[in-house]
Amino acid sequence: MTEKRTKPPVKEETDEFLTLDYNCLTSEALGAGKGLGPEDLAEMKATLAAAYKDIEARYRKGLLPFMDLPRDPDTPKAARKLAEMGRKRFETVVVLGIGGSALGAAAVFNALRPLNHNDLPPAKRGWPRLVVCDNVDPEGFASILDGLDLKNTFFNVISKSGATAETMAQFMIVFDQLQRTLGRSAIKEHLLITTDPEGGVLRKIADSGDYASLPVPKGVGGRFSVLSSVGIAPLAMVGVNITDLLAGAARAQEDARKPPAANKAYLFAGLNHLMTTAKGRNILVMMPYADSLARTADWFGQLWNESLGKASRLDGTPNPWAQTAVKALGATDQHSQLQMYMEGTEEKTICFLGVDGFRHQVNIPSIFRDHEELAYLGGHSLGELLSFERQGTARALAENGRPSLTLSIPKISAATVGYLLQTLEVAAVVSGSLYGIDPLDQPGVELGKQFTYGLMGRQGFASFKERYAKGLSAKKKFILR
Ligand code: PA5
């Protein structure tokens, strides 16, 4: 990454890109014992000050390079070039990736392009469609490939390690199909490889075959990579305003370096840490009240769970704490999950993700006025109904002693989404510091991969196949008659 820093303009009328309302976490709202009291908040002030010192020191040592991504000038330049080329030439951009190599692009696309982007006719859409392939279900993958005209399709294979079985299997299938359909020499025009700048088999393939490639910056893990080439290139190719997205994130990063008391990333981390350690709330339900933020909840799930689910602390002692992120969607899941949040076991904090003003206003007509069960709806908008549902649900939970906090953005725009993502990424790192764990690694996912390699016959992993088979020789089937 170069040292040159540019400050892109932020085109936003409002000053506040994100607000954090934690009234419904306090003892005032929930009652003594259930909510956070002044003594808890005073304790939080001290722990956040220590985390701030720790993170600032790590940032200055260059150990948190994701914090510099919003101001990296090279990636947007490359992405804009691709976008210019792709807009004229391609009908569809397909991302082949999984986890952190897929969820960021999926979240931002969901938030910032029209929800029906892929279904619009090309002239109305103005940009290629985006398809994110992040599974190897044969039926799912076959149905995606079946719907593509390869002549008009651009593939971006994304894998930092270049070793992820799912992504590499997809890549091999696509490469083979391109070769058979369009000929080997045409592949170059249809392929972008995003991977480690130096290591891994995908880097070797990119360099030896002279395929277009972009680097995943060193030290940036998948779940912190949405604002690197991993997210920025495919998003630019489908018409996302990456200038404003990065500008919003840059502003969040500036705010995240302010003292913790005035810093939403730190407050979000500190409050959730307290709810977990002091109040036993070890589940965080991320519940956006906007269809366009549904995939942001998926992205957040990976960020929080892979960052915070750690068995050991950095000092080698066992880590007894974790806050598992799960997702819900308002208002839909009020009718499927809310009963549990209201009256079920008390281990949850709900994080509402709200939008103050929607991009479309849909009014409910004032008809059926003589039916009082319907008359109250007429004259309101769907946006009002959704926002009141969110507020009403937070209040109902609080009256039942159930904690919630609300993150809200004034409107969904490239800048506010960039701000939100960067703030939550910093919050994950702050949380890591509060729990005393490493939020940047994911040792727990390795063993499953090794068993898969063994079962698939990868060289060097035969012992995992034997280990897997141990004790499983007799398949047991229980049939109830
Ligand atoms: O956050 C992470 O590090 C993971 O979710 C990875 O992104 C995921 O496993 C894919 O890895 P890779 O990009 O190496 O294919």
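Two strands count as paired here if DSSP finds at least two bridges between them. With that criterion in place, I turn to the structure above, which is a predicted model.

I begin with the sheet. Five strands form an open sheet in the order S1-S10-S9-S7-S8, and the pairing is mixed. At its edges lie strand S1, residues 19-21, and strand S8, residues 324-327, each of which pairs on one side only. On average, neighbouring strands of this sheet are turned by 25° against each other, with direction ignored.

Strand S1 pairs with strand S10, residues 404-411, in the antiparallel sense, over three bridges. Within this pairing, Thr19 has Ser408 of S10 as its bridge partner.

Next, the helices. Helix H12, residues 264-279, lies across S1, S7, S9 and S10, and runs at about 25° to S1. Here S7 comprises residues 283-288 and S9 residues 348-357. Helix H13, residues 294-308, also packs on the sheet, where it touches S7, S8 and S9. The direction of H13 makes about 165° with that of S8.

Finally, the cysteines. How many disulfides does the model contain? The count comes to zero. Cys24 is in no disulfide: the nearest cysteine sulfur belongs to Cys351 and is 12 Å away, whereas a disulfide would require the two sulfur atoms to be within 2.5 Å. Is Cys24 buried or exposed? Cys24 counts as buried because its relative accessibility is 18%, and the cut-off for buried is under 20%. Cys133, at 2% relative accessibility, is likewise counted as buried.

Key:
Residues are numbered from 1 along each chain as its sequence is written. This is a predicted model: local features need pLDDT of at least 70, side-chain atom pairs count only at pLDDT 80 or more; totals for chains, interfaces and linings use all residues. Side-chain values use heavy atoms; hydrogens and water are left out. Helices (H or I, at least four residues) and strands (E, at least two) are DSSP runs, numbered from the N terminus. Axes are lines fitted to C-alpha atoms, for helices over the stretch in contact, and angles run from 0 to 180 degrees between N-to-C directions. Contact means heavy atoms within 4.5 Å. Buried means under 20% relative accessible area, exposed over 50%, partly exposed in between (1.4 Å probe, protein chains only).
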